[in-house]
Amino acid sequence: MEYVYHGSPIGGLTYIETKISTHGKNWVYATKDKSIALTFLQKWNDYLFCQTIHDGKHEFTERVSNIFEEIYKGKSGYIYYLDAANFLEGQTSFSPEVVSKQREKVIRFEFIEDSYEKLCEMEKNNEIVLYRYPNKPDYIPHDDSDLIKRTKYFLEHSHDKKRKEALIEYAIEKHPKLKEALLSLIENED
């Protein structure tokens with residue numbers, strides 16, 4: 001693997017700096033797959049849509065109606081190519097994600113004019129699968145109960161009480177039917 005990819009809405013970067021994300025570690029996040037980097041051209045999270053690899057193909061599933069269009073339509077971004085040498089695999093729960101503990105020099109970049117059009121083009125070319133709400137693959141529960149386990153993981157990897165409370169509030173806002181189960185995660189921490 002010569003390159004890894006980092007997606008960003010910000011242009012003109014010569015280095016990708018480390019930052020603390022949901023894992024609570026100060027890393028540069030990248031991926032071995034350009035289609036996944038494409039999803040990071042704009043901000044999103046697991047409560048809006050999810051990414052999975054199923055039968056060797058990347059699948060993206062809306063958790064909220066029309067969220068792909070809302071996040072990506074008419075919005076540009078950059079896919080940065082980084083040297084794969086310093087990146088570690090297996091540090092997060094998402095296997096295509098790789099991390100570096102130091103800032104990384106940009107080797108080159110690709111400008112994407114409309115992120116949504118690019119996702120649709122990749123779908124049309126059978127490079128990825130997009131499930132639009134309310135459609136879901138069989139391995140994702142129709143009641144979204146898998147988000148409870150995901151939230152528990154995020155809570156376990158954060159040490160900031162206010163951040164944890166904000167996460168629970170946000171998760172309830174996006175998925176009110178999970179309110180009781182989500183609130184019990186915070187109650188069980190005390």
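A nonpolar core is here a set of buried Ala, Val, Leu, Ile, Met, Phe, Trp, Tyr and Cys residues joined through side-chain atoms within 4.5 Å. Buried means under 20% relative accessible area, exposed over 50%, and partly exposed in between, with a 1.4 Å probe and protein chains only. The structure is a predicted model, in which local features need pLDDT of at least 70 and side-chain atom pairs count only at pLDDT 80 or more, while totals for chains, interfaces and linings use all residues. Residues are numbered from 1 along each chain as its sequence is written, and side-chain values use heavy atoms, with hydrogens and water left out.

The largest nonpolar core has 21 residues, of which L38, F49, F60, F68, I71, Y72 and I79 touch the most other members. At least two residues of this core come from each of α1 (34-39), α2 (67-72), β7 (77-83), α3 (115-124) and β10 (128-131); helices (H or I, at least four residues) and strands (E, at least two) are DSSP runs, numbered from the N terminus. The most is given by α2, with 4 residues. Beyond residues up to four places away in sequence, Y72 touches L38, T39, F40, Q42, W44, F49, D114, S115, Y116 and L119, where contact means heavy atoms within 4.5 Å. Another core, of 13 residues, lies apart from the largest one and has A171, I172, L182 and L185 among its members. In soluble globular proteins, nonpolar side chains tend to be buried together.

The helices α4 (residues 146-156), α5 (residues 161-174) and α6 (179-187) can be taken in pairs. Helices α4 and α5 pack at an angle of about 165 degrees, with their axes 10 Å apart; axes are lines fitted to C-alpha atoms, for helices over the stretch in contact, and angles run from 0 to 180 degrees between N-to-C directions. Helices α4 and α5 are therefore roughly antiparallel to each other, given that angles under 35 degrees count as roughly parallel, over 145 as roughly antiparallel, 65 to 115 as roughly perpendicular and the rest as oblique. The crossing of α4 past α5 is right-handed, a crossing being left-handed if the near helix is turned anticlockwise from the far one by less than a right angle, and right-handed if clockwise. In this pair, T151, F154 and L155 of α4 meet K164, L167 and I168 of α5.

Between α5 and α6 the packing angle is about 175 degrees, with the axes 9 Å apart, which makes α5 roughly antiparallel to α6. Here K164, E165, I168, A171 and I172 in α5 meet K179, L182, L183 and I186 in α6. The axes of α4 and α6 come within 10 Å and cross at roughly 25 degrees, so α4 is roughly parallel to α6. Their crossing is also right-handed, and I148, T151, K152 and L155 in α4 meet A181, L182, L185 and I186 in α6. The buried residues of α4 are L147, T151, Y153, F154 and L155, and their cover includes α5 and α6.

The cysteines form a separate topic. The structure holds 0 disulfides, a disulfide being a pair of cysteine sulfur atoms within 2.5 Å. For C50, the nearest cysteine sulfur is that of C120, 17 Å away. C50 is buried, at 8% relative accessibility, whereas C120 is partly exposed, at 22%.

Finally, Q91 lies in the loop between β7 and β8 (97-100). Q91 is partly exposed, at 38% relative accessibility, and, leaving aside neighbours within four places in sequence, Q91 is in contact with W27 and V99.
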